[in-house]
Every structure is written in structure tokens, then in C-alpha cells.
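Student: Could you take me through one part of this structure closely, namely how its aromatic rings sit within and around the nonpolar core? I would like one connected account.

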Amino acid sequence: MEKKSMKDMGVRERNIASCLLKAVILLLVLSHPSVSSGAGWTVVPVTQAGEVTIENSNTRLVLQNDIIAAGSGVGFVAGRANIRNVELDLNGHTIFFGMQERLLPEGVILLTYAGKKPDDKQPDRNIGVHGIYSVRDPRFIYEASNFADQRWVQGISSVRIYSSRPGGRIVQGSGNAAYSSAIYLQGHRNVTIGGDPGSQLELEVTGADSYGIGTGGCSAVSISYLKITQTGRHVSNRHQIIAAISLGKGLVKKGDPDGTVYSEVHHTELTGSPQSGIKTAGYARIHDNLIRQNAVVTNCYGVQGWGSHHVEVYNNRIVPENGRGIHLSERTEGWYVHDNLVVVHENTNEEYGSKYQVHGIKVEEVVAGRVENNRVIAITRGKTAAHAFDINVNASAKVEVKGNSFIGVKRDGDEARACAVSLLAGNGTGVEFSGNRLYSNDAVVQVGPYTTAAFSLYGNEVAPLPDSQEFSPVQSNSPAFVYFRSNNKPLGLISFVDTVFSGVDYVTSRAEACNVVSNEYAVARSTPFRLHGAGMHVAGASVRMECFDGRHVVEGVAGKDGTLTLAVPIYRKIWEKSPGAVVCLPAERDWKGVEASRVAFSVLLNGTWHPAKLSGPLVPGELAVLEVEAGGGVVQ
């Protein structure tokens, strides 16, 4: 038999090794049915922690086993521009990250959002780590005036993080590093996290000042079918808004509203956040989530986003262990909040010791927004007051609040107050508040303590608490209609028009000792008027009605047929300042068939106000006819 040369044997061994390697790769592909083996995709097996540089589009990273990392877990960055379609598949495995403390070197300072170092409750040398990340760690490190180890990644178009098999988890370890995230992405667009109801991701975060998912610097982000649990109990700066999810803004196409790609969070379960559930940057849809934050500081809403535009929030259950509901905050515009269940209560926290308040939905100095068909329950806890709906707006705002159930519950033995609606401050000229159901066992509507004026609430129902076990322990259920809080600034008239009173008397109201000229409210009914002048209909004329010795003024404009509707008061209650006491002036009630001497009408014709008289009795709610004494004609 001819002997083989050493050279031939080496070639043979290399061929065998090559065949074995191909077989192993084939087995890996076949053992992962979700991994594409089609042309154009590069599959990269991941077996240990570290950062992967992506050199080609259509790259899929696939975990082969659980990964245990002392610091951060798996990172990826683009090695060049124009990388598209990068996926990371947990494949049913777990990334354990942050298993050890990662201490900052001497001379490097860790700063928070506002430039304040964390206090002694969290070691300020223990820096942030991430389970899956797209930038080099850490995030919040500064050295003198220069960035230290801070590299922004080249953006990737289309990033997906998921688990093709059940059991995919990302878990922060015993290092408990602050400023951490289970997933932290920055600079990418068209990002998908989760997305598979059959293999829901589970994320666990333990560090202080830490997020579940951070995508604030990304655009067009979709997060769904995952569970986030946070156990960290410290927030260094509440203005940073530490959230379970920091959601990047939608991808806005200027000049093409229909082409905007909205960010989205849906079918998630968010538990234990020390402050907020979801913080949105705008152009987002947030729906079908269960949000149960457990706040230690204020600004602790289930959904919020300062100054963000065009956000739809619907079909969520926001039921925090400790915290608030939904915040339409300053400068927001285009929020549409509807069909949510919100049940809130709030203990005192690290920031406020006592006498605080919880809000179910708060509308605060917004540009425009809509709140419709929500069921909101706010419950007192000790000295923490409960406001199911809280509003503070400017006169220029365009806000609609319709068809909601707002329920304020004062538990037996609690010192704090509860209300269905709190008219906290502002001018309600731009607010349409109608068709809502307002329930409470304490005060249905609270006014103040800041300057509040020109709110008119139309066609709402007022009642004690519904007969339901969900509000126990509650014994007292005889609420006051209106409650005025102590204040130092004058309040304008608050009007309740066409209100349906079911078990609540509109004369039942209370006021704290105040330092202003007066607190007052009126109950009114929409009343149709027909305007005549010299035997003709007077079209387009402004009409003014003054009653209660000129203290109550209502204006309207006649239509082309000379008709208009005015809110005629049937009751008005006024408190005035008096040394050491609040005095309630005599008030009208059940005002019907009022004689002409008790009310004055005038009509503006050609720039001049002319007196007008009733041609018959004035019965609120029934048609009345006004005659203009100075002649008629069509107003130009």
C-alpha cells in the first residue's frame, strides 16, 4: 500500500475540519427555525458578553446560551454608515448583567440629569451597565470638560430585539449599579423590541435611577409583548423622569402627516418603577398596557411626556401601587386620551412628607388635547388628597373633556379631601367640559387654591359614589357639591350649566377661610331666546344679560333667524371676606317667573348698546322673547 505523504495527510485533515465546521453551522441554523438562512443574511452566534461591530446589513445575532456578565451584556455598533436590518435574538436564553460593581476610576465624576451627584443612598462610584446596548458604556460620565469613554454610535435603520423561543430574559445582577437599563439603544430608527405574544420578553432592573428600556434617542420605536419589573427604590432627580420605558419619538415626515411613523407601546406589563411608567417624546400610540409603578418621588405618572405632541393613550389599565395616572403636561399638543381605566392613590414619599395630592388625569398648561370616555378613580391615603381630574389651563387652550367618569373617594379616617374634579387654576375659556359623570363622597368639584376663572361645565351628571364594594371602607356618602380651597388670589365665576343632580343638592357647598374678595359659583340652565326689533328678527346682534344686581353677566350672539341660547342662572352662591369668617350672601334658588326689574337685557346694534325687554315671563329652560326698544334691522 502506498504511503501518504505528510503534506497529503495535512490537506485531508483540513478538509475534514472544514466539513465538520460546515456541519456545525448547518446544525445551528436548522436548530433555530426563526433564524433566516436565506441569501443576504449573516448569522452571528453569540456565546459571551461583549460588543459586536456590525459590518454588513441583514445581520442577526443569536444567543447560544445564557450569558453572565460582570458589567454590561451584549452590545452592537455599526462599523460603517448605512447599515440596515440588525436583529438580536435571545433564543429563549437569559442575559445576566451587572453581576459585580463597576467602580469609576479616580478623577471621573458621575453626574445626574441636573448636574447633581447622587446622595449617600446610592454609591456614586458604581456606574451604569446595560443588558443589551448600542453605545459604549457608561452613559453619564464626564471627566473635567471632556467626555470620557462616550461614543455615539452610527445610526442603524431597522433594529429588532426579541426572543424566538419562550424564556428570553434580561436580568440585572447583584451589582445593582445605578444609571442602568435592561435595554439601552441610542441613535437608531425603526426599532422593534419584543413583538411576539408567544415568547414574551421579561426584563428585571434593580439599580437606582435606572430604566427598563431606554430608547429616547431613537425614532419610530415599537415595544410590545414584554414584562418589565423594577425594584430600585431611589431617584436622584425627579425632573429626569425615571421610567420603565423611555420611548423615542415617532419618525415625523415634514409636509406629509400621513407618512409619519408613530412610536408605539402596547401589551406590556410594567411593574415597580420608582417614578413613571412610560415617558414619551411624542408622536406615539400607547395602548393595552398594564402599568403599576411604585413611586418614591413625585411627577410619577403612568404615562407622561413634557412638551410632546400627538400622543394617543387608550385602553390602558393604570393602577399603581403608589403613583398617579396620566399627565398632559406643559406645552403638549394633540394628545388624545380615551377609554383608559385609572385607579390611583399616593402615599407620602421621599420628596414630600405630608399633605400632598394624587391625580388620576391632570391637564396642565397644554396647547390642545382631548380626554374622553375614561374611568378614573382617585382615593385618599392619610393626608394625601385625591383628585380624579385636575386642570390648570390658559384662556388660549383648546381642550375637550367629554364622556368620562371621574370618581373622588375619601376613605374613612383619612384627613385629606377627595374630589371628582379639581379646577386648580387658570382660565377655562378654552375648555369644553361636558357629558361627564362626577362622583364623590366628599366634594364633587374643588376650586382653587390659585386664580381660577371662566370655567363653564355643561351637561354633566353629579352624584354620590356608586354603590360598589370597590370603594370600601367608605361609610359617609353625602358629598358637598362645590368646595373652595383657601387662596390668596381672586377667583372668577364658575358656572355649572344643565347639570343633572342625582342625590347631590347644588346648594351644598363649603369654603375655607380665604383672603380674597369673593368666591362664587352659579348653577344655570340653557334657555332659548328669540330677538325682535321693530317687528323684525335681529340677526347677528350681540345680546347681554345682567342679573344679581349686575354681578352675573352672560353674553351671546343671535343667529340669522334672530335666535340664541343663554345660560340663565337659577342659583348663585357668593362668599365674601369678613374679619375672621367667611360670609355667605343671600343666594337665589329655583328662580322662575322673574320680574323684569330683577334682570336687564341689552343688544348691541351698529356699535351701540340698546336696552331690550322680555315680552313675557322668564322661565329658565323655556323659550323667551326679547324686544329691542331702539329699533331693529339686520346688523351688518
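Tutor: A nonpolar core is a set of buried Ala, Val, Leu, Ile, Met, Phe, Trp, Tyr and Cys residues joined through side-chain atoms within 4.5 Å, where buried means under 20% relative accessible area, exposed over 50% and partly exposed in between, with a 1.4 Å probe and protein chains only. The model is predicted, and local features need pLDDT of at least 70, side-chain atom pairs count only at pLDDT 80 or more, and totals for chains, interfaces and linings use all residues. Residues are numbered from 1 along each chain as its sequence is written, and side-chain values use heavy atoms, with hydrogens and water left out.

The largest nonpolar core holds 94 residues, of which Phe 76, Phe 406 and Phe 481 touch the most other members. Its largest share, five residues, comes from strand E33 (residues 385-393), strands being DSSP runs of at least two residues, numbered from the N terminus. Apart from this core there is a second, separate one of 22 residues, including Leu 531 and Phe 601. In soluble globular proteins, nonpolar side chains tend to be buried together.

Turning to the rings, those of Phe, Tyr and Trp (its six-membered ring) pair if their centres lie within 6.5 Å, and planes under 30 degrees apart count as stacked, over 60 as edge-to-face and the rest as tilted. By this rule there are eleven aromatic pairs. One of them is the tilted pair of Tyr 262 and Tyr 283, with 6.2 Å from centre to centre and 45 degrees between the planes. Tyr 262 lies in the loop between strand E19 (243-247) and strand E20 (263-271), and Tyr 283 in the loop between strand E21 (276-280) and strand E22 (284-287), so the pair ties together parts that are 21 residues apart in sequence. Tyr 262 is partly exposed at 26% relative accessibility, whereas Tyr 283 is buried at 15%.

Phe 481 and Phe 501 form an edge-to-face pair, 5.1 Å centre to centre with 80 degrees between the planes. Because Phe 481 lies in strand E43 (residues 480-484) and Phe 501 in strand E45 (residues 500-501), this pair ties together parts that are 20 residues apart in sequence. Phe 481 is buried, with a relative accessible area of 0%, while Phe 501 is partly exposed at 23%. Ring pairs also link Phe 481 and Phe 501 into a cluster with Phe 484, Phe 496, Tyr 506 and Tyr 521.

Technical notes:
Helix = DSSP H or I, 4+ residues; strand = E, 2+ residues; numbered from the N terminus.
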